[in-house]
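This report describes selected features of one protein model: a helix, a sheet and a set of aromatic contacts. The sequence and structure are shown first.

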Amino acid sequence: MAILPFYISNKRNLKIVIVGGGYSGIAALTTIARYQPGAEITLIDPKINHIKITHLHETFRYPLTDFLIPFADIEQKFGCRHLCLELPFSESTLLQWARDKSIPILDESLPFDYLLITSGALNNNAYQDSDDVVGLHSFMKHSGSEILGQFLSRPGTDAPISVVGGGATGIQFLFEIEHFLRYHKYKNKLRLIDSGDQVLKQFPGQLARYVETLMTDLNIEYYPTTYFRGQQQGKIRLEDKNIGSQFELASSLTFLFSGKSQGSLLKANAFGQVIVDQQILQHVFVAGDCSYYQSIGSNTLTAQSAVRKGKLAARNLLRHSGLFKLLEPYLHRDIGYVISLGPSNAVGWLALENNVVTGLAAYTIKEIVEAQYDLLLVGIDTYLL
């Protein structure tokens, strides 16, 4: 068992419930198993697989199964229990659970010493997936090559393909789709629709310029300051953001990536403990995209922040259960961000936001960073505290 600073166990068979099996939940699970292998961990998630969601754009080149980890395997590896169900909650629900130290589930009551909420954020897409509109949710069930290949095998699908969303997710999918079309010699043109006046609006301008230049080189049409209003019968309906006029373009298929929404935010103190009505719930922690920490640490909706919050919340709930109860504040700042632009290209920043990296060097950095998480999934923690 690894040694956690300022933690001396004060209770054997600690009962911990983690709600949510995404990046933050798995980071917490592996951290608890590392420092307290005797803990009884119950992981609640409605899916049967942990999905490495930041890799889904790569399913135009690799099978989806490469990015799915069955929770059954995680149970076996880390000695936890997975309950495959949806667990809705509210602040009032959490207050009740905190008082009872248990959660009513189906026909049983699930007792806990500590509860950790890592349920993630909602997808912003207002439109349900249809025959000609595909959102991120579809890629959790089918690979990109399967979705696009089957669609383009139908007659009458030679019109342009539209991608909506100029954030990191939309851009990564855009370039994978471009590579897929070119590699398989499809003639469909590709266009990007974005409500912002430049791509990657939340990042340094150098990243946007690099991406937009590459889009021009690849003949990808670009419609900035444009709202998506729907796709139907081979037409995409758009609205000019500046003047409000609507127009239509030929479009055989739309991929919709409108980002994530922190709709169900739970506030937490600097140690990750949930705050409800100005009351700190000592035995209820939160991490990941559904959390807002009142600290100087990063609250961005990124995988690296989710992992760091999950690991910190896990360390702190263990310390809180121990003799000293000396908790550490959340101080993590993003140390970089790299966006994939196809099989061998990327753009991002490292250490400082004005330190921009591009091309194969950026792609290599992204691969190294993602390898850290792959190691975590097999119980090897290479992250710095």
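Helices (H or I, at least four residues) and strands (E, at least two) are DSSP runs, numbered from the N terminus. The model is predicted: local features need pLDDT of at least 70 and side-chain atom pairs count only at pLDDT 80 or more, while totals for chains, interfaces and linings use all residues. Residues are numbered from 1 along each chain as its sequence is written, and side-chain values use heavy atoms, with hydrogens and water left out.

**Helix 2**

Just after helix 2, G79 adopts a positive phi of about 65 degrees. Within helix 2 (residues 71-78), F71, I74 and F78 are buried, a term for under 20% relative accessible area, with exposed meaning over 50% and partly exposed in between (1.4 Å probe, protein chains only). Viewed down the axis of helix 2, its buried residues fall within an arc of 50 degrees, so they line one face of the helix; the arc is that of the directions from the helix axis to the C-beta atoms. Among the elements that cover these buried residues are helix 1 (23-35), strand 2 (40-44) and helix 8 (359-377), where contact means heavy atoms within 4.5 Å.

**Sheet 14-15-16**

Three strands form an open antiparallel sheet in the order 14-15-16. Strand 14 (226-232) and strand 16 (246-250) are the edge strands, each pairing on one side only. Two strands pair if DSSP finds at least two bridges between them; strand 15 (residues 235-240) and strand 16 pair over five bridges in the antiparallel sense. I236 stands opposite L249 in strand 16.

**Aromatic contacts**

Rings of Phe, Tyr and Trp (its six-membered ring) pair if their centres lie within 6.5 Å; planes under 30 degrees apart count as stacked, over 60 as edge-to-face and the rest as tilted. By this rule there are 15 aromatic pairs. Two of the pairs are tabulated here.

| Pair | Centre distance | Plane angle | Class |
|---|---|---|---|
| Y62 and F67 | 6.5 Å | 75 degrees | edge-to-face |
| F139 and F255 | 6.0 Å | 40 degrees | tilted |

F139 lies in the loop between strand 10 (133-135) and helix 4 (144-152) and F255 in strand 17 (residues 253-256), so the pair ties together parts that are 116 residues apart in sequence. Both F139 and F255 are buried. Ring pairs also join F139 and F255 with F60, F173, F180, Y186 and F257 in a cluster. Y62 is partly exposed, at 37% relative accessible area, whereas F67, at 6% relative accessibility, is buried.
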